[in-house]
Structure formats: structure tokens, C-alpha cells
Amino acid sequence: MQEDHLVEIPRCNWEEWRDLYKRDWPRHELAYNLVQNYIDWSKHDRKIKDLTIYSLNGSWRENGTYVIIDRIDLYMYTLDESLECLRRALMIVDWDYYHVLVMCPYETLVFDVFQQLDVKIFNARPNYMYFLSKEDASVLSVSLPAGLCLAQLKPEHARVINDLWPHRETGSEFHIERLIRWNPSMGLFDASGQLLGWCMLTQMGVIGMLGVIEKRKGYGKLVLTGFVRRLAELGLNSYASVLVDNEPSKALFTSLGFTLLNRVNWIRNCERKLVEWKSGAEIDYK
């Protein structure tokens, strides 16, 4: 039997690969969005640093299975209902270094692979995925108080946003600045240009980093409403990933008409090569 390998998908094939996810639209829209994101990003930078896009043995045409590693972020998807191709791919990922499995819909498979390979989990953050169609978003109204305005974020806002982001870590400011430079975003500003609220579009086409300078002033709803309207103008549906226990955020998205789609998980493994982890940093498999 041939030994499995992760083989990069050539840039010249990305459009063909992307179009595999048009099947049963919009069931695989997030997978489509992710590939489209890197097609768009490659126009800014033909060789994006620390980005590798893999298929199993070069077989991406068969079922679209991919493992994408973008710096520390790892994305996975497959059209193979048995998940066997994705399982084999995950078995040969280098788990000696840590990855953040972003909005992973294959929690059970990942935990099983980790158990087989003795990969420990540093943390796992279950989220609910919410959805708002572009048609519903386009009819939302935004009434801004006097002196406030909505506008695209600028790269210099990355530091302010990162400093206030509860999930910040080494390299996260670069991550935020790259999203601002290359993807749609929205900021709420006062008359003096001070940033009051913000959100942006992540690689998967999911709204991310929603935040405000001051809570309980309605800034979050204003910037979010303006952003989903902007996404609708761009022809995009709106998706959002919300921690399962974040009741205020769930209420906010629901108030705008978002509906619950499914559950995903943000999973980070413990690296094995550079750090000696203490048992207290591990969590049990589910």
C-alpha cells in the first residue's frame, strides 16, 4: 500500500479546487470562502509566508479534502462523507508544533486522531455558528447617533484592537493587521476619529474580532449592523462564530436575525517538540 503524503495544491489549480464546493450550495459555502480568500490574498502576495495548502496524495479532485496551515491556524474540510480521507491526512500532520484548529466542524474525528497519536489538547472552545442571508442583511437599517460614522478600518487600528482582544497571543497583531489590509472590515468612529467599535472578515468569510471600547452603549450592534449590510452589498452571506456560553453575543446576533447553524470548535494542541507541558494544561478527550 502506498504511503500517505501531504501534497501542496498548486496555485494554478485553486479556482478548479474552489468550485468543487459549489455542490449543494450553500452547504459548503465556508469551504468555498476559505479557498476564495487565498485566491484573493495571492493577488496581494504571490507567495504568502508560512502558508501551505495540502491535499492527501494530491487527490483534491476526488473529494476536495484539504488541510491548510496558515501560520499557527489550521483549517480542514472534506466532501467525503466517510471522513476517511481527512482522517488519513490528519494522521500525518506534524503535531509536534501547536496549531489552532479554526472553527473545526470535525470535533469527534480530531479528538480520535489525537488520542491515537497521543497528541494532548491545550484547550478547546466550543462555538455556535450563526447565519444571516445577504437578502435579510440588506434590509437592516442603521441609525447612527449624531457625530458617529462607520468606515473601513485602517492598519494602524490593529494594535488597539489586539490590545483589547481577549484571545491575543504572539503574532495576533500581525494577524489582525493582515485582515484589515486584505479583507472587508468595519469601524465605528466618533467625530474626532476615535475608534469606538470594530469587526472584520476572517479567512473563512466569518465575522471576527467584534469588539468595542466601552460596553453597554450599543456600539457593538451599530458596527455589526453596518458590517453585515456592507457584506450584503458585496454579495456575501454573513456567518458568525460565538462561544457557546457567551450569552450577550448570542443575543446580539439573534436580535439582528441570525439563526443557529451548527456547532464548531476552536481546538489547540499542546506542542511536543519545544515545550514540556504540565499535566494541568491538558484537558480530557471527549
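Are Trp17 and Tyr66 buried or exposed? In this predicted model, both residues are buried. The two rings form an edge-to-face aromatic pair, with 5.5 Å centre to centre and 90 degrees between the planes. Trp17 lies in helix H1 and Tyr66 in strand E3, so the pair ties together parts that are 49 residues apart in sequence. Trp17 and Tyr66 also belong to one aromatic cluster, together with Tyr21, Tyr77 and Tyr106.

The largest nonpolar core holds 66 residues. Trp17, Tyr38, Tyr66 and Leu90 touch the most other members. Helix H2 (residues 29-44) supplies the largest share of this core, eight residues. A second, separate core has 25 residues, among them Val223, Ala232, Val242 and Phe258. Beyond four places away in sequence, the contacts of Tyr66 include Ala31, Leu34, Val35, Tyr54, Tyr75, Met76 and Leu86.

The aromatic pairs number twelve. One of them, Tyr130 with Phe253, is stacked, at 6.5 Å centre to centre and 20 degrees between the planes. This pair links distant parts of the chain: Tyr130 is in strand E6 and Phe253 in helix H10, 123 residues apart. Tyr130 is buried at 6% relative accessible area. Phe253 is buried too, at 4%. Elsewhere, the charged end of Arg268 sits over the ring of Tyr98, 3.9 Å from its centre.

Helix H5 spans residues 107-117. Its buried residues are Glu107, Leu109, Val110, Phe111, Val113 and Phe114. Their cover includes helix H4 and strands E4, E5, E6 and E12. Asp118 follows H5, with a positive phi near 55 degrees.

Note on methods:
Residues are numbered from 1 along each chain as its sequence is written. This is a predicted model: local features need pLDDT of at least 70, side-chain atom pairs count only at pLDDT 80 or more; totals for chains, interfaces and linings use all residues. Side-chain values use heavy atoms; hydrogens and water are left out. Buried means under 20% relative accessible area, exposed over 50%, partly exposed in between (1.4 Å probe, protein chains only). Helices (H or I, at least four residues) and strands (E, at least two) are DSSP runs, numbered from the N terminus. Contact means heavy atoms within 4.5 Å. A nonpolar core is a set of buried Ala, Val, Leu, Ile, Met, Phe, Trp, Tyr and Cys residues joined through side-chain atoms within 4.5 Å. Rings of Phe, Tyr and Trp (its six-membered ring) pair if their centres lie within 6.5 Å; planes under 30 degrees apart count as stacked, over 60 as edge-to-face and the rest as tilted. A charge sits over a ring if NZ of Lys or CZ of Arg is within 6 Å of the ring centre and within 35 degrees of the ring normal.
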